[in-house]
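Hello,

As promised, I am passing a structure on to you.

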Amino acid sequence: MEALKDKLESSFLVFENELNGQALGEVHNRRKEAFERFVESGFPTKRHEEWKYTNLKPILKHDYRVFLSDDNTVDFSAIKKFFLSDTDTYKLVFIDGYYSSWLSETTHEKFDICTFSSMLTKYRDVAEKYFNKALPKEEALASVNTAFAKEGAFIRIKRNQTADKPVELIFITTDHGVETMSQPRNLVVVEENAEVSILERHQSLSSKPVLTNVATEIFALRDSRLNYYKIQNDVHTASLIDSTSVKQYANSSVTVGTFALGNKFVRNNLNFFLEEEYTQSYLDGITIIDEGQTVDHHTLVDHKVPNCYSDELYKGIYDANAHGVFNGKVMVHPHAQKTNAFQQNNNILLTDKASIDTKPQLEIYADDVKCSHGCTIGQLDDEALFYMQSRGIPEKEAKALLLYAFANDSLRNVKIPALRKKLNRQIANKLNVNLDFEL
Amino acid sequence: MLKISNLQAGIEGKEILKGIDLEVKPGEVHAIMGPNGSGKSTLSSVIAGREDYEVNGGNIDFEGEDLLDLGPDERAHKGIFLSFQYPVEIPGVTVTNFIKTAINESRKAKGEEAMPANEMLKKMREKMSLLEIDNAFLSRSLNEGFSGGEKKRNEIFQMAMLEPKLAILDETDSGLDIDALRIVANGVNKLKSKNNAVIVITHYQRLLDYIVPDFVHVLYKGRIVKSGDKTLAHELEAKGYDWIKEERVEG
Ligand SMILES: Nc1ncnc2c1ncn2[C@@H]1O[C@H](COP(=O)(O)OP(=O)(O)OP(=O)(O)O)[C@@H](O)[C@H]1O
Ligand SMILES: [Mg+2]
């Protein structure tokens, strides 16, 4: 951990040098502040309240290469399977942190779907207005990302516009023969009464350990609608740390769906800050993991103002010695009356060695509110299994069907049919079963 | 078709069935009656293959095959169906998807192709009208929030779809209102043929007015203590079980 920290510190100087003229101005000041905070705090350890269930050490012990060359190319055929099929989409594809115009499909017409780097140069006002204004300062990994923020997706849907197609963000890490780390940075601004759906994936093609430390800032302005889906189904040598912060303004509706089905290690820090009244927030998650895998979901819904609605549903299925964490904080501030906040976390442990640490944290300081939370940890229902078997469904299929049904309601807000289909198929695959229908 | 000999079974070391003999031939209807706790549901669970029960002796032969060697799903594939006394709720799985899966898994086991969607739909419509089941039913989660009577009707709907050779109806009448009882019983009768058989477990003569048994057995403390024709059910309805218990003591 210390070695990686030292490496990042010296890399920052190199990074600054290579920014040339861009190492000045407000944006870079924010990078520097973030960098200094990281130097001060270092990586979080299990002594930190927010990290007590998850040990970063094994993930950060690798000698990651921090700056990758752009020598490697990737054929579309090799990554086709990561895209939605039969659906026309805008695409932003990054190979080893470099934007691939060849594999992407962007636009600047009624909305901007382009790169973070071009936003920094073309729209300085946007950068100054939004860059690092949503992520909490105290999250060390988000700070590291901010320090090195240079490339990623920039999506801005202008006032009253509805994106005519979903947007796919695909980040590929290729094989460099060494352990590698990448830090994409995304900014999403959905302006007044605008609408868009976005899908994000990170995929490693490397045989060596890969760490992705991604950060995404989302601003949903008045009356806007956003669906943001993350498929976290990477290979077992890939680790992902995702910091996503959403700021919602009056009457906006935002869904973030996090579908964690792969990777060696995943940590999601998902924060919703409700800045103005009458917003709707949906946080949906599925975890289905197996031997040697860890997925940690940390969420915060910060009800700062009255009359907001939030609904959170996370489901988990853990096999072999898989380890899950769900830490869901809902904060209702003293004057946030008429808040509706719901949270549900249900888990199934398939073996004695699988484990889940679940911690719902409701802090409610207003009195006229409707809040509820529930959390369950259980096994498969034997009665139901026998019932299904007695109707001719073999044990394996019966188990899969039960698990499938259990996980499935977390797809309730997936509005893109092709994505629904893909997720259904991935879930069925994970459960090792071939079901001939979608639930 | 079904031949049970000297079957002894229990759970967690507790003896429940203490030597059951029962033979059911194609085309027959058998009724099993008996006081609460006498082992009727245990018997049906053991026939269906519930693994929680330990079989300590005897055997069950179904069409020349030893059932006890088969898993519950394999028994279903052979044509055994149990209508549960307490059907289980399965959230998230719709009635349609459940039945589809059940039918196609059975077909797969027999090396047959999946049933074409239109054929499945046609069959569902037909059986739904037979049992006067509403369309909206199909898209609901299996048994979840169903009333007691709806659950029982849904069991018979599944039976109608699966067309078993041997159906065991464990207190299918309990929870049904008078009209529903008639509808369900009519459904069972329509599905009856000379090639299949039914075992009806019930506490009341009323159901047997509709589904007329060829044989009536009384199960008491894990044994079949009396068998007779349908008049035995009338006698039980009039006199209760005491006289049988007494006979048992004297015997
Ligand atoms: N899982 C179990 N654990 C312990 N005892 C059991 C279990 N299942 C059944 N028994 C016992 O076995 C005996 C027979 O039960 P069973 O359910 O077969 O009776 P039944 O004849 O179907 O009764 P009823 O008419 O009330 O449905 C009862 O004493 C019951 O308590
Ligand atoms: Mg019973």
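Below is a short tour of what turned up. Please keep in mind that this is a predicted model.

**The sheet in chain B**

Chain B holds an open sheet of six strands, in the order E6-E9-E10-E3-E11-E12, and its pairing is mixed. At the edges are E6 and strand E12 (223–228) of chain B, each with a single partner strand, so one side of each has no neighbour in the sheet. On average, neighbouring strands of this sheet are turned by 20° against each other, direction ignored.

To find your way into the sheet, you could start with strand E9 (residues 166–170) and strand E10 (residues 197–201) of chain B, which pair in the parallel sense over five bridges. Within this part, B:Leu166 has B:Ala197 of E10(B) opposite. Helix H5 (residues 148–162) of chain B lies across E6 and E9 of chain B, and runs at about 170° to E6(B).

B:Lys151 pairs with B:Glu89, and the closest N and O atoms are 3.2 Å apart. This links distant parts of the chain, since B:Lys151 is in helix H5 of chain B and B:Glu89 is in the loop between E6 and E7 of chain B, 62 residues apart. B:Lys151 counts as buried at 16% relative accessibility, while B:Glu89 is partly exposed at 35%. Elsewhere, B:Lys123, B:Glu126, B:Lys127 and B:Glu163 are joined into one network by salt bridges that share partners.

**The magnesium ion**

Which residues coordinate the magnesium ion (ligand 2)? They are B:Ser41, through OG, and B:Gln85, through OE1, at 2.0 to 2.1 Å. B:Ser41 lies in helix H1 (residues 40–48) of chain B, and B:Gln85 in the loop between strand E6 (80–83) and strand E7 (90–94) of chain B, so the pair ties together parts that are 44 residues apart in sequence. B:Ser41 is partly exposed, with a relative accessibility of 26%. B:Gln85 is buried, because its relative accessible area of 16% is under the 20% cut-off.

**The sheet in chain A**

In chain A you will find an open sheet of 10 strands with mixed pairing, in the order E2-E1-E5-E8-E10-E12-E14-E16-E18-E20. Strand E2 (98–99) and strand E20 (370–378) of chain A are the edge strands, and each pairs on one side only. Strand E5 (residues 167–173) and strand E8 (residues 195–204) of chain A pair in the parallel sense over seven bridges. A:Val167 has A:Ile198 in E8(A) as its bridge partner.

Two helices of chain A are worth a look here. Helix H9 (residues 395–408) of chain A packs on the sheet, where it touches strand E14 (280–289), strand E16 (309–318) and strand E18 (340–349) of chain A, and its direction makes about 160° with that of E16(A). Helix H10 (residues 417–430) of chain A packs on the sheet too, touching E8, strand E10 (225–232), strand E12 (253–260) and E14 of chain A, with its direction at about 30° to that of E10(A).

The loop between H9 and H10 of chain A contains A:Asn413. This residue is buried, with a relative accessible area of 11%. Leaving aside residues up to four places away in sequence, A:Asn413 touches A:Tyr229, A:Thr255, A:Tyr282 and A:Asp284.

**Where the chains meet**

How many residues does each chain bring to the contact? Chain B gives 32 residues and chain A gives 21 residues. Between them the chains bury about 2200 Å², 64% of it on carbon and sulfur atoms. Two salt bridges are counted between chain B and chain A. The side chains of B:Arg50 and A:Glu383 meet in a salt bridge at 2.8 Å, N to O.

**Other salt bridges**

Over all chains, a search of the whole structure finds 34 salt bridges. Among them is the one between the side chains of A:Asp63 and A:Lys7, at 2.7 Å, N to O. This pair links distant parts of the chain: A:Asp63 is in the loop between helix H3 (57–60) and helix H4 (76–79) of chain A, and A:Lys7 is in helix H1 (residues 2–18) of chain A, 56 residues apart. A:Asp63 is exposed, with a relative accessible area of 53%, whereas A:Lys7 is partly exposed at 26%.

Definitions and conventions: Residues numbered from 1 in each chain as written. Chains lettered and ligands numbered in written order. Predicted model: local features only at pLDDT ≥ 70, side-chain atom pairs only at ≥ 80, totals over all residues. Heavy atoms only, no water. Donors = N, O, S within 2.8 Å, 3.2 Å for Na, K, Ca; no water. Helix = DSSP H or I, 4+ residues; strand = E, 2+ residues; numbered from the N terminus. Buried < 20%, exposed > 50% of the residue type's maximum accessible area, 1.4 Å probe, protein only. Pairing = 2+ DSSP bridges. Axes fitted to C-alpha atoms, helices over the stretch in contact; angles between N-to-C directions. Contact = heavy atoms within 4.5 Å. Buried area = accessible area lost by both parts, 1.4 Å probe. Salt bridge = Lys/Arg side-chain N within 4 Å of Asp/Glu carboxyl O.
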